[in-house]
Amino acid sequence: FFNFSIKTHLIRDINDPEHGDLTLEELNIVQEHLIICIDSENKIDIKFTPTIPHCSMVTLIGLCIRVRLIRSLPPRFKINLAVTPGTHMSEDAVNKQLNDKERVAAALENPNLLGVVNKCLANTFKKGDSPA
């Protein structure tokens, strides 16, 4: 059993790649009501909302969320990650990229991109929290 009493717990402290001193939760990019976890079905669906409809960092933000979940959740979970409908000009293309395992793996092979992702994740759980 995996505890999801605080659904945003795993991703709320991810730093925004553009505004590094602010978290995704502080910018309202991730919100608890947009996260659905069905533990019995091994599924987690997350929608996230970019700050502006033409945000150039939307794919990177999604990649940071996915990496945090991959590193924190038991492997039995199927993760569906999507931009909140109607909040980004390229939401379909972004959603396709973020849910394509091969594209995600290829992105994470890029040392520069991985460095940016790790920097965004560096302060997660900074307040003595643990992932579970």
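Where is Asn42 found? Asn42 is in the loop between S1 and S2. The account below concerns a predicted model.

## Backbone at two asparagines

Most residues other than glycine have a negative phi. Asn42 has a positive phi, near 60°. The relative accessibility of Asn42 is 26%, which places it between the 20% and 50% limits and therefore in the partly exposed class.

Asn28 likewise has a positive phi, with a value near 60°. Asn28 belongs to the segment before strand S1, which spans residues 35–38. With a relative accessible area of 47%, Asn28 is also partly exposed.

Strand S2 covers residues 43–48 and includes Ile44. Ile44 has a relative accessible area of 1% and is therefore buried, since the limit for that class is under 20%. Along the chain, Ile44 and Leu69 are 25 residues apart, and their C-alpha atoms are separated by 9.6 Å.

S2 runs parallel to S3, and 6 bridges join the two strands. Within this arrangement, Lys47 stands opposite Ala82, a residue of S3. Together, S2, H1 and S3 form a β-α-β unit of right-handed sense.

## The largest pocket

Rolling a probe the size of a water molecule over the atoms shows where empty space is left. The largest pocket holds about 310 Å³ of space. Its lining comprises 15 residues, of which Arg66, Ile70, Phe77, Ile79 and Lys101 are the closest to the pocket centre.

By class, 10 residues in the lining of the largest pocket are nonpolar, 4 are charged and 1 is polar.

## The enclosed cavity

The count of cavities of 30 Å³ or more comes to 1. The largest cavity has a volume of about 50 Å³. Its lining consists of Asp16, Glu18, His19, Ile29, Thr51, Cys55, Met57 and Ile61.

The lining of the largest cavity divides by class into 4 nonpolar, 2 polar and 2 charged residues. Asp16 and Glu18 are the charged residues of this lining, because Asp and Glu count as charged.

How values were computed. Residues numbered from 1 in each chain as written. Predicted model: local features only at pLDDT ≥ 70, side-chain atom pairs only at ≥ 80, totals over all residues. Heavy atoms only, no water. 1 Å grid on protein atoms, 1.4 Å probe; cavity = no way out; pocket = protein on both sides within 12 Å on 5 of 7 lines; lining within 4 Å. Points joined across faces, edges and corners; volume = space filled by probe spheres on them. Helix = DSSP H or I, 4+ residues; strand = E, 2+ residues; numbered from the N terminus. Buried < 20%, exposed > 50% of the residue type's maximum accessible area, 1.4 Å probe, protein only. Pairing = 2+ DSSP bridges. Right-handed = clockwise from strand over helix to strand, strands pointing away.
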